[in-house]
Amino acid sequence: MNPKIQKIKDIVSVLETRLGGFTPEIGIVLGSGLGSLANSIENPITVPYKDLPGFPVSTATGHKGNYIAGTLSGKKVLAMQGRIHYYEGYGMDMVVLPIRVMLMMGIKYLFVSNAAGGTNLGFHVGDLMIIKDHINLLPNPLIGPNFDEIGPRFPDMTRPYDPSLIRLAESLAAELGIKLQKGVYVGGTGPSYETPAEYKYFRHIGGDAVGMSTIPEVIVARHAGIPVFGISVITNEAHDDYADDYVNDGQDVVDAANAAAAKMTLLIGKMIEKI
Ligand code: HPA
């Protein structure tokens with residue numbers, strides 16, 4: 001067997017034992033400052049990444065580093081409280097390994113969240129943005145021999161984010177009175193934030209928000225044919241006309257994400273109830 005697949009199987013087998021036969025229907029990735037959704041999971045079983053053989057450990061600010069399995073809105077979910085980023089120094093195989101583990105555990109949907117800088121001048125701190133498409137500026141995680149048993153060599157990316165999940169989010173947000181933006185997420189390597197000229201460039205190429213994650217995870221889920229829903233919390237307004245004393249700061253990003261986590265949790269909870 002391909003050693004990479006074997007590695008995923010070994011992790012899955014430890015995780016299955018720890019979860020006592022729990023079979024998740026929905027995988028959820030909780031981004032910077034958004035880990036509190038995990039508090040809404042009922043009958044949670046927490047498995048720290050460090051307990052899993054060969055698993056990367058997330059070192060990023062605002063990322064805890066646990067799988068949390070349990071029930072959310074009546075559905076069996078497996079949430080990642082903290083993700084792995086390319087900027088932490090991990091190769092792409094490690095960045096997407098936790099998603100491949102969730103895919104092998106049998107998830108039928110993947111929900112991904114992140115904190116992002118709003119390059120769209122109409123976006124403001126605290127806004128939620130449904131990701132309708134993305135521009136990938138990170139290495140593609142599918143580079144290398146294809147796992148034919150998982151998906152095709154050249155996966156279609158015409159609808160990276162599931163149109164019916166987007167429609168569901170929009171109609172529930174309208175009922176709940178939650179304002180939603182919708183846009184294109186640009187994923188770069190980080191870890192430095194963008195220069196004013198880079199933010200402007202991303203706006204010009206069609207980006208509405210920029211971050212340092214998510215897209216590799218979405219690519220491996222789409223490779224496996226799993227529908228994806230993506231949502232960004234706009235944690236800073238990214239433009240090219242800053243006050244003289246303005247700085248981008250990682251803790252401010254986490255604080256802004258924390259402040260918006262409750263409405264994101266509400267929306268995702270309602271969506272999961274309906275699917
Ligand atoms: N750039 C990149 N990543 C981010 C940003 C940003 O402005 N805000 C939150 N994550």
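This is a predicted model: local features need pLDDT of at least 70, side-chain atom pairs count only at pLDDT 80 or more; totals for chains, interfaces and linings use all residues.
Residues are numbered from 1 along each chain as its sequence is written, and side-chain values use heavy atoms, with hydrogens and water left out.

The protein chain contains 6 helices and 9 strands; helices (H or I, at least four residues) and strands (E, at least two) are DSSP runs, numbered from the N terminus. The radius of gyration of the chain is 18 Å, which agrees with the value near 19 Å that a compact globule of 275 residues would have. This radius is taken over C-alpha atoms, and the globule rule is 2.2 Å times the number of residues to the power 0.38. Along its principal axes, the C-alpha trace extends over about 55 × 40 × 35 Å. Of the contacts (heavy atoms within 4.5 Å) with a separation of 6 or more, 83% are between residues 24 or more positions apart.

The accessible surface of the chain amounts to about 11400 Å², and carbon and sulfur atoms contribute 52% of this surface. Accessible areas come from the Shrake-Rupley method with a 1.4 Å probe, and for residues only the protein chains shown count as cover. A residue is termed buried under 20% relative accessible area, exposed over 50%, and partly exposed in between (1.4 Å probe, protein chains only). Buried residues account for 53% of the 275 residues. The chain carries 23 positive and 28 negative side chains, and the centres of these two sets are 8 Å apart. Lys and Arg count as positive and Asp and Glu as negative, while His and the chain ends are not counted. The place of each charge is taken as NZ of Lys, CZ of Arg, CG of Asp or CD of Glu.

In soluble globular proteins, nonpolar side chains tend to be buried together. A nonpolar core is here a set of buried Ala, Val, Leu, Ile, Met, Phe, Trp, Tyr and Cys residues joined through side-chain atoms within 4.5 Å. The largest such core has 75 residues, among which Ile-28, Tyr-67, Val-101 and Leu-110 touch the most other members. Helix H6 (residues 250-274) gives the most to this core, with 9 residues. A second, separate core consists of 5 residues, including Tyr-199, Phe-202, Val-210 and Ala-238.

Several residues show particular backbone geometry. The peptide bond from Gly-190 to Pro-191 is cis, with omega near -5°, and Pro-191 is placed in the loop between strand E7 (180-187) and helix H4 (196-204). Asn-43, in strand E2 (residues 42-48), has a positive phi of about 45° although it is not a glycine. With a relative accessible area of 65%, Asn-43 is exposed. Ser-73 also is not a glycine, yet has a positive phi of about 50°. Ser-73 belongs to the loop between strand E3 (66-72) and strand E4 (75-81) and is partly exposed, at a relative accessible area of 27%.

Arg-100, found in helix H2 (residues 92-104), is buried, with a relative accessible area of 9%. Beyond its neighbours within four places in sequence, Arg-100 is in contact with Ile-8, Asp-93, Pro-141, Leu-142, Phe-147 and Val-220. The C-alpha atoms of Arg-100 and Ile-150 are separated by 9.7 Å, although these residues are 50 residues apart along the chain. Gly-35 lies in the loop between strand E1 (26-30) and E2 and counts as buried at 15% relative accessibility. Apart from neighbours within four places in sequence, Gly-35 is in contact with Leu-30 and Gln-81.

Pro-152, in the loop between strand E6 (128-136) and H3, counts as partly exposed at 44% relative accessibility. When residues up to four places away in sequence are not counted, Pro-152 touches Asn-146 and His-223. Glu-175 is located in helix H3 (residues 163-176) and, at 65% relative accessibility, counts as exposed. Glu-175 and Ile-26 are 149 residues apart in sequence and 23 Å apart in space, C-alpha to C-alpha.
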